[in-house]
There are 2 protein chains.
Amino acid sequence: MQFIANVFPIYAWASTYNTNMFTRDLLAAFIVTIMLIPQSLAYALLAGLPPEVGLYATVLPLVAYAIFGSSRTLSVGPMAIASLMTAVALGEVAKQGSSDYLSAAIVLAFLSGLFLMLMGLLRLGFLANFLSHPVLSGFITASAIIIALSQLKHLLGIDVDGNNIIAMGKQLAVNAYGVNGVTLAIGLSVILFLLLVRKYGEGLFSAMGLNNTSAQILTKASPIVAVIATVAATHVGALDELGVAIVGEFSVTIPEFGLPTISFELIKVLLLPAILISVIGYVESVSIGKILAARRREKIDVNQEFIGLGAANIASSFSGGFPVSASLSRTSVNFDSGAVTQAASIFAAIGVALAAFTLGPFLYALPNATLAATIVIAISTLIDFSVFKKTWHTARSDFYAIFITLVTTLLLGVEAGLVCGVGASIGLLLYRSSKPHIAEVGLVAGTQYFKNIRRHQVETVRQILSLRVDESLYFANASYLEDHIYRYLSDDSKFSHLVLMCSAVNEIDYSALEILTSINARLCGLGVTLHLSEVKGPVMDAIDGTEFIESLSGEIYLCQYDAYGDIKAGL
Amino acid sequence: MQFIANVFPIYAWASTYNTNMFTRDLLAAFIVTIMLIPQSLAYALLAGLPPEVGLYATVLPLVAYAIFGSSRTLSVGPMAIASLMTAVALGEVAKQGSSDYLSAAIVLAFLSGLFLMLMGLLRLGFLANFLSHPVLSGFITASAIIIALSQLKHLLGIDVDGNNIIAMGKQLAVNAYGVNGVTLAIGLSVILFLLLVRKYGEGLFSAMGLNNTSAQILTKASPIVAVIATVAATHVGALDELGVAIVGEFSVTIPEFGLPTISFELIKVLLLPAILISVIGYVESVSIGKILAARRREKIDVNQEFIGLGAANIASSFSGGFPVSASLSRTSVNFDSGAVTQAASIFAAIGVALAAFTLGPFLYALPNATLAATIVIAISTLIDFSVFKKTWHTARSDFYAIFITLVTTLLLGVEAGLVCGVGASIGLLLYRSSKPHIAEVGLVAGTQYFKNIRRHQVETVRQILSLRVDESLYFANASYLEDHIYRYLSDDSKFSHLVLMCSAVNEIDYSALEILTSINARLCGLGVTLHLSEVKGPVMDAIDGTEFIESLSGEIYLCQYDAYGDIKAGL
């Protein structure tokens, strides 16, 4: 039983499911379905795929995550940034609209699913921690800007391709003369409509006497309303004959389950994008899931999330879709609408499937500009520069990491940007730890505590130099310590005892031990005795019995206070 | 004057040079020259280049380093591992023996020199610290094994090419039938002779009544003796007609100074190898230089070393050579023979130049097997597995890093091995810091010190949980802390105060602050007050005024002792 519950989190709630939960989940599912239909079509468009593929990428992934995912409210499916990254990755292997492009999308989803599953099975969840939140937020902001620019293509009715702002800017300048006025009018109207509903909708509907739930449903239905209105307008005005690009014919059939033939070459090209899309999707999903789980005192299991998202992506690939992950907007709506279990997702999947088979003829006349407008509005909330201000004072190197992420993503594109961002944050971390803070400390009068002589009123003795090293000692910083100590020797050689206070040294590796040994030897030659104090248990265990400990000219003290007292008494 | 002394370290000793120093340097130069001639020929052979190129790579680099290098005794020139890496890099762009191969070698030396200069001018010396000593030693051992195997080609007179032990093993098995007996006999004789002289030489010569210096000179001259003996044997026995490969015709002329035309394509392929060769050469040189400088209380300047070695490589490329760096064996001999300044290197350069112009006709009949034998003997001292034993107990992750370096170098070749080794050591470092040690601490009776409750007899109070975090808090480990704390909540929720003792927290980044804020909120909801103690000055400066500090439910104490006392009094 426990095993089943571990592998299939669905078991935990399915066994105690009741009518009350059913009612709540059904309502949430209804609202989410209304959002899902235009979003899934729009994100397919963003990914460069036919609109029905967005529907394929919705139904089964919702069900797969419901079975394997650990969050009860996460709503999985096509998502803006993953769709953009899909377009970038596929653009390298095939032309939009070709069947190769479509099969590459399926392979990409499959590889993402496989990678996520593997991470979950090998319990490598900790690796995702190396994509820091500041880097992620810089990346999301930059991606949202790129997405908004990419939608100019549909909003203006001209070609604006390219993976970075420079390429898109150039195309925009070149093609600006060809803007289609009617298309632009449709796009702007939809944008205006969506903005107004977002701002005043709930207030207006409430004032009209509707209860909260109905007001919320109507507000969230605004994209569907825009879809219906613009389809009607197209029919009435025969707008497609005026050059307005429309979705066109598409027929949703039950997709042929299975994978296209996968060539090794294709895997080689798509593997890195698949990993990047997976990591972004995973980190986003987990951070959304954690926030919501905390509100209801539920828990999400970071390793199980790999399995859940992996299953969703594999389900997407088998039904002919593209990479999916949790959607922040739909998850919030799902949660706020009262969904209590993943049954809501299963109901939404049924809703989308029903809609898919009936709406084809209707959606024929949907202008692409309408979908583009919904994308622009949806992603506009992702653009957030406040993190720059927040990090400037508290954590300067986070600021640099975000800045590097933002700039490289805008200028070089999403893949390079993400890699540079993660690289920069790790690089900055290594750089800082390679130049550790080393403080000269003295006794705080009346206590047994030793503090930085630059920050506190402390007592010191000329013959004793006490240095507190604020970092583990390892290969990249040990020679920095060496240089630092030797600088004291040349500055002022009046001390005869050096105490290294190791309260913040959590580890000493082999390289650092070699260097400590040579520091000890050199100090010895100059008549200075080297002592250690406050060496932590695990560190002491590791260095016990080594050449360094055996050759150490001084003592190892449990406390700096003992060291200071003892040496002072012996002077 | 200070400026000149900074840019040209030669100035420091040249201005006080005297007869006594001259005599010592001249003697050292004589011994080094005797070693240099066969070594430079042999390492050119190892690099896949004509023997005279080894001489070209010796003369000017010695002089260039003498002018710009900061060590007084480092002896620069062709070196075993750099030569192997040169052969690997050039093998990717041209065929051995072609003129393209030769120009590529020159370009490689030039790129190495440029890279080193750049590192020096940008003061990026700290980057070299990321190549840890254990990784370097694993890499050197593996490279030495590959070098020894590569020389089987010349020792057996058959083809044994390839960049890793598997490829070489296969070729060896396939070509074993073609072993040339005479070649093998020459090789084995030379190896035996060199081993015997190394082991008994100095003792024997001393017993014969020679003084130490003469005994040492004679011992170091053994490769030259082997050269003379085998040249004579080849002449007398017409061994080349028996299939013994010989050096053949080569004429040393004053090389045409200048660079070959450099294509962008070539630079693209050779850049990474050039960087790897430079880094290995630099780290090796600095560690040799540091050890010797310490013995004489001299100093080497890690940034100036980039300039010195960069100048040497550029000098090598301008005179038609290949990448050079400090040689451990020649530097030791130079030092032990009493060299006091780089004048010794200049004298050695003159010695090699003189020899180069006179020895051509004589070296015609030198068997390649003789040179291969001197290489094998020279590099045999580099193979050292003791570091495995030393690191197993003191620093397990160093052990893994060495192991990964050794295995990948042997199986995938030097370039992949070096990259994997550095990657592994950084990866292991990040992995460890992402799972920090967190200790529950209590008061050591009669003191103000708090120690791990698992290691010490300490006093605790049920309502107060004190946790000491033994690592800086940053994006990759903050959620680990979160999980760790929440585990205490589920285990045993009887405590009402949590004190995080931050004596080992040297930094808190933005991601960690976010997570601390959410921990605080969650604990608050459960009626647990969160306190901090022993927050370091720099950390306090950074987090002061942030949302976390403003929402913190408890206090920030200077000392854990105060925190404990204060909270206990308030219970």
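1. Buried here means under 20% relative accessible area, exposed over 50%, and partly exposed in between (1.4 Å probe, protein chains only). By that rule Glu482(A) is buried at 9%, while Lys290(B) is partly exposed at 28%.

2. Some housekeeping: this is a predicted model, where local features need pLDDT of at least 70 and side-chain atom pairs count only at pLDDT 80 or more, while totals for chains, interfaces and linings use all residues. Residues are numbered from 1 along each chain as its sequence is written, chains are lettered from A in the order in which they are written, and side-chain values use heavy atoms, with hydrogens and water left out.

3. Back to that pair: Lys290(B) and Glu482(A) form a salt bridge, 3.7 Å from N to O (a side-chain nitrogen of Lys or Arg within 4 Å of a carboxyl oxygen of Asp or Glu).

4. Lys290(A) bridges to Glu482(B), with the closest N and O atoms 3.7 Å apart. Lys290(A) is partly exposed at 29%, and Glu482(B) is buried at 10%.

5. Have a look at Arg468(A) too: its salt bridge with Asp470(A) has the closest N and O atoms 2.8 Å apart, and both residues are buried. Lys536(B) joins these two in a network of salt bridges.

6. Over in chain B, strand S8 (residues 529-533) has 4 of its 5 residues buried. Strands S7 and S8 of chain B pair in the parallel sense over 5 bridges (pairing takes at least two DSSP bridges).

Conventions: Helix = DSSP H or I, 4+ residues; strand = E, 2+ residues; numbered from the N terminus.
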